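Visitor: I would like to go through this model by its numbers. Please give the cut-offs along with the answers.

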Amino acid sequence: MEQAFLDSAMQTEAVTELNTINDWLRWTTSQFAASGIFFGHGSDNPWDEAVQLIMPALSLPVDAPKELATSKLTTSEKETLVALIAARINERVPVAYLTNQAYFAGLPFYVDERVLVPRSPFAELINKKFDTWLDPEQEVTRILDMCTGSACIAIALAQAFENAEVDAVDISFDALEVADINISNYQLNHRVFPIQSDVFSGVPGQKYDLIVANPPYVDAEDMGDLPDEFHHEPELGLASGEDGLDVTRTLFNEAAEHLTDNGWLFVEVGNSMVHMEALYPGVPFEWIEFKHGGLGVFAINKQDLIAHLG
């Protein structure tokens, strides 16, 4: 689709003629549908994208009562909305960065351009407490969230495993500042610990029952083809060398020494799964099928890791 812009005349017309929340939801949906923007940072269609922008921008929940949508907006509210909508269309800024809010595993998180917008399929596994792989008789007490970013995965893990401590590690000090905001917002400072670390460098000698990793995994070819929206995200959280596995190789080779005897490693590598299988032929990766979409996540236990590295 050819890229369309929201010019000043259209913005003025919107502020003048649109009055209710419903008016703005309808108009914004139409503008998003016609603009050629990319959906992939929390929604997959123009209506949901409009809801996720407009409602938080008005300090309202996305599931606010339908009756509220007939409420009229003030001129200043309309001017705020049209500026955000113009930034989404003209600058291709993801909605989450415009509202500083994104959801993961049903939980709201603060985000800005220091971290990726949460969108990992790990939410589905966390909500089920990894029940296909973890022994229900074994208590999970230590978890590592590798490449934590906003700490959304770490916090969701802490909510799911109420007796566990979670180390939330990232190489980026900027990302850890955002992580700290979210950890404090959820009052989990006593169980979720942000740690600066280049893969395992910041947690020497530590062992975990569960390691969950969402490292950068976009290969060089895909980086060159990414829609404009992704270029608002930190490249450090996306790019990982020619095959997308620069970080994952280190993670895979060192994970066994950081797992307890019955520990499991879960890693998201997205489209780079093809490179992973070519790089490690014969390794019994369990590629997970998700009910709610997503691909490129593998599970492997400590014993299989040791057998490969042995």
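Visitor: How do the residues of the lining of the second largest pocket divide into nonpolar, polar and charged?

Guide: This is a predicted model, in which local features need pLDDT of at least 70 and side-chain atom pairs count only at pLDDT 80 or more, while totals for chains, interfaces and linings use all residues. Residues are numbered from 1 along each chain as its sequence is written, and side-chain values use heavy atoms, with hydrogens and water left out. Ala, Val, Leu, Ile, Met, Phe, Trp, Tyr, Cys and Pro count as nonpolar, Asp, Glu, Lys and Arg as charged, and the others, Gly among them, as polar. On that scheme the lining of the second largest pocket has nine nonpolar, six polar and two charged residues.

Visitor: What is the volume of the second largest pocket, and which lining residues are the closest to its centre?

Guide: A pocket is an open set of points on a 1 Å grid over the protein atoms alone, where a 1.4 Å probe fits and protein lies on both sides within 12 Å along at least five of seven lines; lining residues have an atom within 4 Å of a point. Grid points are joined across faces, edges and corners, and the volume is the space filled by probe spheres set on the points. This gives about 290 Å³ for the second largest pocket. Of its 17 lining residues, the closest to the centre are Gly 42, Ser 43, Asp 48, Gln 52 and Tyr 103.

Visitor: Which element supplies the largest share of the lining of the second largest pocket?

Guide: Helices (H or I, at least four residues) and strands (E, at least two) are DSSP runs, numbered from the N terminus. Helix H3 (46-57), helix H5 (95-99) and strand E1 (102-104) each contribute at least two residues to the lining of the second largest pocket. The largest share, four residues, comes from H3.

Visitor: Is Thr 99 buried or exposed, and which residues does Thr 99 touch?

Guide: Thr 99 lies in helix H5. Buried means under 20% relative accessible area, exposed over 50%, and partly exposed in between (1.4 Å probe, protein chains only). With 17%, Thr 99 is therefore buried. Contact means heavy atoms within 4.5 Å, and not counting residues up to four places away in sequence, Thr 99 touches Gln 52, Leu 53 and Pro 56.

Visitor: Why is helix H7 largely enclosed by the rest of the structure, and which of its residues are buried?

Guide: H7 spans residues 152-160, and eight of these nine are buried, so the helix is largely enclosed. The buried residues of H7 are Cys 152, Ile 153, Ala 154, Ile 155, Ala 156, Leu 157, Ala 158 and Ala 160.

Visitor: What is the phi of Cys 147, and what is that of Val 199?

Guide: Most residues other than glycine have a negative phi. Cys 147 sits in the loop between strand E3 (142-146) and H7 and is partly exposed at 23% relative accessibility. Val 199 belongs to the loop between strand E5 (192-196) and strand E6 (208-213) and is buried at 9%. Both values are positive: near 65 degrees for Cys 147 and about 55 degrees for Val 199.

Visitor: Which residues does Val 82 touch?

Guide: Val 82 is part of helix H4 (residues 75-90). Its relative accessibility of 6% counts as buried. Leaving out residues up to four places away in sequence, Val 82 touches Gln 11, Ala 14, Val 15, Trp 24 and Trp 27.

Visitor: How many Å separate the C-alpha atoms of Ala 123 and His 292?

Guide: Ala 123 is found in helix H6 (residues 122-127) and, at 14% relative accessibility, is buried. Apart from neighbours within four places in sequence, Ala 123 is in contact with Phe 104 and Ala 105. Ala 123 and His 292 are 169 residues apart along the chain, and their C-alpha atoms are separated by 9.7 Å.

Visitor: What is the radius of gyration of the protein chain?

Guide: The radius is taken over C-alpha atoms, and the globule rule is 2.2 Å times the number of residues to the power 0.38. For 310 residues, a compact globule would come near 19 Å; the protein chain agrees with this, at 21 Å.
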